[in-house]
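Here is a report on one protein chain. Please look at the sequence and the structure before reading on.

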Amino acid sequence: MIIIGPRTETLKDIQLYQNNGWGRMYINRRPTPYQNEPWGWDNGAYQAFQNGTEININEWIKRTEKIANVPAPYLCVLPDIVGGGKRSLQLSINNRIYIPEDWPAYLPVQDGITENDVIPYLHMIDGIFLGGTTTYKKNAAAWSDFAHTHDIKFHYARAGTRRKLQDALLCGSDSVDTACPLWIPRQMKQFKRWTIELNTQRNLFV
């Protein structure tokens with residue numbers, strides 16, 4: 001399972017990410033991926049939500065166009081609206097055209113969006129990006145199965161706790177992201193310990 005952490009630019013931190021095979025999630029800054037880094041391009045919708053607003057589509061388009069020549073990311077999160085339900089889904093689909101063709105387009109799903117809502121757009125996406133509330137994330141296994149049945153990837157967003165990381169591993173997520181600053185030694189050791197322990201537990205039942 002691929003782990004994508006928050007952006008950091010110091011050489012020491014980048015070496016840490018590289019040694020562990022982790023990628024970084026970018027939102028506003030121009031990405032500077034190391035060779036073959038599984039980096040992600042987020043849309044900033046959650047950041048906007050935390051500030052009491054919604055995503056600024058024009059700004060997102062400009063930011064995305066400016067980095068079109070950067071090596072393709074592991075995933076690109078299509079624009080969405082936190083808590084927007086089907087309105088968010090339509091926004092995502094309407095703006096698919098603004099990312100480079102060779103960039104994997106991940107569709108954010110959240111409260112109010114069902115598998116049947118997504119089926120008409122499967123030909124336009126490369127992965128499912130599971131957002132939403134903690135309650136909605138209880139559907140992770142169903143969304144993972146849905147994605148893999150249709151030969152696309154499944155990403156569990158904001159898996160920064162042991163419980164969410166466990167859920168992501170058990171449901172077969174291809175990748176997760178976390179806002180935990182993995183370059184801080186204490187948090188890095190804790191996160192690595194979780195992944196080792198949970199992988200061991202999962203292997204006992206495979």
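## Ala141 in helix α6

Ala141 is partly exposed: its relative accessible area is 40%. The residue sits in helix α6. Its C-alpha lies 8.3 Å from that of Ala168, a residue 27 positions away in sequence. These values come from a predicted model.

Helix α6 covers residues 140-149. Its buried residues are Ala140, Trp143, Ser144, Phe146 and Ala147. Viewed down the helix axis, they fall within an arc of 160°, so they line one face of α6. Asp145 and Thr149 are exposed and sit on the face turned away from that buried side. What covers the buried residues? The cover includes the strands β5 (105-109), β6 (127-130) and β7 (153-156), and also the helix α5 (115-118).

## The end of α6 and the loop to β7

Asp151 comes after α6. It is located in the loop between α6 and β7. Its phi is positive, about 60°, although Asp151 is not a glycine. Is Asp151 buried or exposed? Its relative accessibility is 70%, and the cut-off for exposed is over 50%, so Asp151 counts as exposed.

## Lys153 and strand β7

Lys153 belongs to strand β7. With a relative accessible area of 36%, Lys153 is partly exposed. The value falls between the cut-offs of 20% and 50%, so neither "buried" nor "exposed" applies.

Which residues does Lys153 contact, leaving aside neighbours within four places in sequence? They are Tyr74, Tyr106, Asp126, Gly127, Ile128, Ala147 and Asp174. Ala147 is also one of the buried residues of α6. Gly52 lies elsewhere: its C-alpha is separated from that of Lys153 by 30 Å, and the two residues are 101 residues apart along the chain.

## Arg158 beyond β7

Another positive phi occurs at Arg158, a residue other than glycine, with a value near 50°. Arg158 lies in the loop between β7 and α7 (162-170). Its relative accessible area is 29%, and Arg158 is partly exposed.

## Helix α3

Helix α3 runs over residues 57-66. Ile57, Trp60, Ile61, Arg63 and Thr64 are its buried residues. Around the axis they cover an arc of only 165°, which puts them on the same side of α3. The charged Arg63 is among these buried residues.

Which residues of α3 are exposed on the other side? They are Asn58, Glu65 and Lys66.

## Helix α1

Helix α1 spans residues 11-20. Asp13, Ile14, Leu16 and Tyr17 are buried there. Seen down the axis of α1, these residues fall within an arc of 155°, so they line one face of the helix. The face turned away from the buried side carries Leu11, Lys12 and Asn19, which are exposed. Leu11 is therefore on the exposed face, while Leu16 is on the buried one.

Gly21 follows α1. Its phi is positive, near 75°.

## The whole chain

How many helices and strands does the protein have? It has eight helices and eight strands. The radius of gyration is 16 Å, close to the 17 Å that the globule rule gives for 206 residues, so the protein is as compact as a globular protein of that length. Along its principal axes, the C-alpha trace spans about 40 × 40 × 35 Å.

Of the 206 residues, 50% count as buried. Take the contacts with a sequence separation of 6 or more: residues 24 or more positions apart account for 55% of them.

## Surface and charge

The accessible surface comes to about 10400 Å². Carbon and sulfur atoms hold 51% of that area. The protein has 23 positive and 20 negative charges. Their mean positions are 9 Å apart.

Key. Residues are numbered from 1 along each chain as its sequence is written. This is a predicted model: local features need pLDDT of at least 70, side-chain atom pairs count only at pLDDT 80 or more; totals for chains, interfaces and linings use all residues. Side-chain values use heavy atoms; hydrogens and water are left out. Helices (H or I, at least four residues) and strands (E, at least two) are DSSP runs, numbered from the N terminus. The radius of gyration is taken over C-alpha atoms; the globule rule is 2.2 Å times the number of residues to the power 0.38. Buried means under 20% relative accessible area, exposed over 50%, partly exposed in between (1.4 Å probe, protein chains only). Contact means heavy atoms within 4.5 Å. Accessible areas come from the Shrake-Rupley method with a 1.4 Å probe; for residues, only the protein chains shown count as cover. The place of a charge is taken as NZ of Lys, CZ of Arg, CG of Asp or CD of Glu. The arc is that of the directions from the helix axis to the C-beta atoms.
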